[in-house]
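User: I am new to this structure and would like to go through it with some questions. Could you answer each one step by step?

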Amino acid sequence: MLLDSRQMLIVKLGATFPELSKNLGDFEDWIGDAIKNLDYSINVLYAQDSPRLFEPSSYIGVILTGSSSMVTDQEEWSERLKPWLIKCMEQQIPILGICYGHQLLAETFGGKVENRVNGVEIGTVTITRGLASQTDVLFKNLPIAFPAHTVHWQSVTRLPSNAVLLAASQLDKHHAFRIGNRVWGVQFHPEFLEESMSYYINEYSQIIEKEGKDSAFLLKNIKPTNNASTILKRFGEFCINSNLIGSSFSN
């Protein structure tokens, strides 16, 4: 179906720190910056404040942001999204879930999310692509290993039965997956810049130290993550192309 007005929907599942947002913007701004050169407009749905969910067919794609909430708390606003996400998939609307969004997708489609035994995975980490990523439209042209920013106290410990594993880190074996050919989840933050990552490490430094990690080391090892950020642009391109041809965009 070719839409007269092509819109991408960013579902905002939470907010970053107020001071960081004041200076650098929030999740939806960082995502928007990564895909702003593409030929569509962006609409933002504030999931925690909106009891009404939009009709999926109004959009060429959906991006789910991160959040400081925990998926396992099963808050009402979060649980309300699950049948809507199933409807999006049934209508073949492309979806990309980031961090909390990644975990929410996993749980929605039959996977499991749990607290991390060793505490937070935070900082710039190395993401290593799996075999299935070689034919994946978002991952196939990335280096086999690339840096990405991450911060999470929970992980997907079991993928949905129909999910394909795409990438892992040393501390998280389920950093990216795909369901079918239109739904992706990434645990890392492709939208984060170095300044954002530094801010998170500084804000959580006391917790990081209590967990036996070295926040100073993590800060020194922050690096650019240009390859990770291209996933957002590629997702946008995928949404446009699949919308234009009105059929499945092959991986």
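User: How many disulfides does a search of the whole structure find?

Analyst: The model is a predicted one, and a disulfide would need a pair of cysteine sulfur atoms within 2.5 Å. For Cys99, the nearest cysteine sulfur is that of Cys88, 20 Å away, and Cys99 is in no disulfide. The sulfur of Cys239 is 11 Å from its closest cysteine sulfur, also in Cys88, which is too far for a bond. Across the whole structure, the number of disulfides found is 0.

User: Which side chain makes a polar contact with the side chain of Thr124?

Analyst: Thr124 lies in strand 6, which covers residues 121-129, and Thr124 is buried, with a relative accessible area of 17%. Among the residues that Thr124 touches, leaving aside those up to four places away in sequence, are Pro147, Met197 and Asn221. A polar atom of the Thr124 side chain also lies 3.3 Å from the backbone nitrogen of Lys223. The polar contact between side chains, at 3.1 Å, is with His149.

User: Which element gives the largest share of the lining of the largest pocket?

Analyst: The largest pocket has a volume of about 440 Å³, and the elements that give two or more residues to its lining are strand 6 and helix 7 (215-220). The lining holds 16 residues, and those nearest the centre of the pocket are Ile122, Thr124, Val125, Leu171 and Leu218. The largest share, 6 residues, comes from strand 6.

User: How many residues of the lining of the largest pocket are charged?

Analyst: The lining of the largest pocket is made up of 16 residues. These divide into 7 nonpolar and 6 polar residues, and the number of charged ones is 3.

User: What distance separates the C-alpha atoms of Leu24 and Glu195?

Analyst: Leu24 lies in helix 1, residues 18-24, and counts as partly exposed because its relative accessibility is 40%. Setting aside residues up to four places away in sequence, Leu24 touches Trp30 and Glu195. Although Leu24 and Glu195 are 171 residues apart along the chain, their C-alpha atoms are separated by 8.7 Å.

How values were computed: Residues numbered from 1 in each chain as written. Predicted model: local features only at pLDDT ≥ 70, side-chain atom pairs only at ≥ 80, totals over all residues. Heavy atoms only, no water. Helix = DSSP H or I, 4+ residues; strand = E, 2+ residues; numbered from the N terminus. Buried < 20%, exposed > 50% of the residue type's maximum accessible area, 1.4 Å probe, protein only. Polar contact = N/O pair within 3.5 Å; in protein donor to acceptor, adjacent residues only side chain to side chain. Contact = heavy atoms within 4.5 Å. 1 Å grid on protein atoms, 1.4 Å probe; cavity = no way out; pocket = protein on both sides within 12 Å on 5 of 7 lines; lining within 4 Å. Points joined across faces, edges and corners; volume = space filled by probe spheres on them. Nonpolar A, V, L, I, M, F, W, Y, C, P; charged D, E, K, R; others polar.
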